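Open the model in your viewer and keep the selection tool at hand.

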Amino acid sequence: MTTKTPTAPAQTWKHLILLAVLGTAGCVALSLALNYLMLFSDSLTPFARGAVTAFIVPIVVGLPLFALIGWQQIEIRRYRQELTKSGTYDQLTGCLNGKVFTSMVDRRAARPAGPRSGAFLVIHPEHLASINLRFGLEWGDEALRLIASAIRSAVRKDDLIGRLGTSMFGVFLPGASDQDAKEIGERIRGAVGEIYFAPKGDKDVLAISVGGVVFEHELDFEDMYRFAEEGMAEAPDEAGLRLSHVTN
């Protein structure tokens, strides 16, 4: 025979009902006790007795109650923020998760008031499988965290960074020119190359390959991604990047 566990909403309602009953009982008990004690004071008029009760009961009962409600509101707000963050950002790298990143790129690319041109970069960490095999998955995760941090340090304020799949990043550069894309891509490669990475005390080098697409008119995410991946197959330019170009 199995026992049903009360659901979270049912438990919440039970707690609220219990709090309401106890709070009401406390208010009534306090009010009765004050009125009883004041019966023995000849110096207080009926109005004074009523005033004392009217002030003391709200202060003694209301102040802790409102403090509790305020604290619960803060906790609820914090919980909602954490829930929103966990649904928006990748927990390992802190970048936008793939679903949110794709949606934001599509919305910004199609926004009438936004820039029509721009660039999109795909970033592949190199030797990640080898790191996982030699040092363990936790060091592979650390490599991804470090690479994500390097990418954030190299992009502009309004650029978007997302984690695509398990070991790839995407960077959306609204309004970026060909030169902008090359400079940002090179900054990212340089920042990753400067990372100090020494799993288990053995210094290793982190490296990435960068491909991308520069476009004059807005593209949806699927087209950006496809052109950027095709750019990876092209010969690298003098900056060590692989960029394709879409002019219509």
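Exposed means over 50% relative accessible area, buried under 20%, and partly exposed in between (1.4 Å probe, protein chains only). This is a predicted model: local features need pLDDT of at least 70, side-chain atom pairs count only at pLDDT 80 or more, and totals for chains, interfaces and linings use all residues. Residues are numbered from 1 along each chain as its sequence is written, and side-chain values use heavy atoms, without hydrogens and water.

Helices (H or I, at least four residues) and strands (E, at least two) are DSSP runs, numbered from the N terminus.

Select α4 (128-135). Its buried residues are L128, I131 and F135. They sit on the same side of α4, because they cover an arc of only 60° around the axis. That arc is taken from the directions from the helix axis to the C-beta atoms. Now turn to the other side of α4: A129 and L133 are exposed there. Just after α4, stop at G136, which has a positive phi of about 110°.

Next, show β1 and α5, which are among what covers the buried residues of α4. Contact means heavy atoms within 4.5 Å.

Which residues touch the most other members of the largest nonpolar core? Select I151 and I188; this core has 33 residues. A nonpolar core is a set of buried Ala, Val, Leu, Ile, Met, Phe, Trp, Tyr and Cys residues joined through side-chain atoms within 4.5 Å. The largest share, 7 residues, comes from α5.

Finish on I151. Beyond its neighbours within four places in sequence, I151 contacts I123, I161, F169, V171 and I188.
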